[in-house]
Amino acid sequence: AFAVGGGLVVAFLLWERHTPNPMLNLNFFRNPRFSAASGAITLTFMALMGMIFGLTQYLQSVLGFSPLEAGAVLIPMSAVMMVLAPTSARIVERVGTKAVLGTGLVIVTLSLLAQTRLDASSTTFTVILTTIGLAVGMANVMAPATESIMGSLPRAKAGVGSAVNDTTRQMGGAIGVALIGSLLASVYRGDVRSGLAGSGLSGSAVDRASSTVQSGVAVAGETGGTTGARVLGVVHDAFLSGYHLGVVVAAGITALAAVGVFLWLPARATVPADAIVPVEPADDADVVAVGPAPAPAADPAA
């Protein structure tokens, strides 16, 4: 699937490079405000979606929250993002996109690393605190990155910028779930099998427990007694080992994005005149003159 997907991407880029009317003008990526911001948002969503994939399972299968309770725990994270995201635009006006976006990525990285402290006995307050830190960072990443992408293109190409902005998020999120989810599952499966060796469970029960953390919790409940408690402990420890590895990898991804932003993203828009892509107006009514009005013609009689 990855090979087919990669081949299709290459074919698309080759086509866009040679067709006279490309859907996506690849020259846009020569502008670092467009390319660096697109790369940062891709890596950010790769880490974010991979982390959330594990966090929702942690809340329900390790802490024992219901789906409604798990959703309620994430409400403060959403509220903080709603409040802080609009204010990031004002901060960008003062200090520039590079500082705000880079700092936001650093905060996201530290918040992801803080999640390695979560375990089976963590309190709801601790979970909320780590997710609020993540929200503070994300609020200073998404809005400035979107502004950088959209603001680097001519207004007539706003649709292209919006599409690229959305595509980078979706692609990064899909790859993040696949990458971090695979790491989590691999560690979980191996740790459960080794931890339940000699437990007295049947081979089919061990296979079932090692398939997913939800199945592991179910097997522990069905087994009951001392053996069931042991199974539950192994399942929780195995999941936490995989989840901690996942958030460390996610933190590495956002740290890489922060380095890229500090190195390549301009603080403010500096688009040379030759970088602007000419657009043919639909008719004369769409033409808007930019710059000072021409001086009136001299009166011949005067």
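**Ground rules.** I noted that residues are numbered from 1 along each chain as its sequence is written, and that side-chain values use heavy atoms, with hydrogens and water left out. Since the model is predicted, local features need pLDDT of at least 70 and side-chain atom pairs count only at pLDDT 80 or more, while totals for chains, interfaces and linings use all residues.

**Overall make-up.** I looked up the elements first, and the protein has 10 helices and 0 strands, where helices (H or I, at least four residues) and strands (E, at least two) are DSSP runs numbered from the N terminus. I then looked up burial, and buried residues make up 40% of the 302 residues in the protein; buried means under 20% relative accessible area, exposed over 50% and partly exposed in between, with a 1.4 Å probe and protein chains only. Among contacts (heavy atoms within 4.5 Å) between residues at least 6 apart in sequence, 77% join residues at least 24 apart.

**Helix α2 against α7.** I reminded myself that two packed helices are described by the angle between their axes and the distance between the axes. Helix α2 (residues 32-62) and helix α7 (residues 158-195) pack at an angle of about 40°, and their axes are 6 Å apart; axes are lines fitted to C-alpha atoms, for helices over the stretch in contact, and angles run from 0 to 180 degrees between N-to-C directions. The pair is therefore oblique, given that angles under 35 degrees count as roughly parallel, over 145 as roughly antiparallel, 65 to 115 as roughly perpendicular and the rest as oblique. The α2 residues that meet α7 include F34, I41 and F45, and the α7 residues there include V164, R169 and L184. By class, the residues of this contact divide into 14 nonpolar, 9 polar and 1 charged, where Ala, Val, Leu, Ile, Met, Phe, Trp, Tyr, Cys and Pro count as nonpolar, Asp, Glu, Lys and Arg as charged, and the others, Gly among them, as polar.

**Helix α2 against α10.** The axes of α2 and α10 come within 9 Å and cross at roughly 165°, which makes α2 roughly antiparallel to α10. The contact of α2 with α10 has 20 nonpolar, 6 polar and no charged residues.

I picked V261, which lies in helix α10 and counts as buried because its relative accessibility is 0%. Leaving aside residues up to four places away in sequence, V261 touches A40, K98, L101, G102 and L105. The C-alpha atoms of V261 and T97 are separated by 9.2 Å, although the two residues are 164 residues apart along the chain.

Which residues of α8 are buried? I found A205, V206, A209 and S210, and they cover an arc of only 125° around the axis, which puts them on the same side of α8; the arc is that of the directions from the helix axis to the C-beta atoms. These buried residues of α8 pack against α7 and α9.

In helix α9 (residues 213-223), the buried residues are V213, S215, G216, V219 and A220, and they fall within an arc of 155°, so they line one face of the helix. On the other side of α9, G221 and E222 are exposed. What covers the buried residues of α9 includes α2, α7, α8 (203-211) and α10 (225-264). Just after α9, I noted that G224 takes a positive phi of about 70°.
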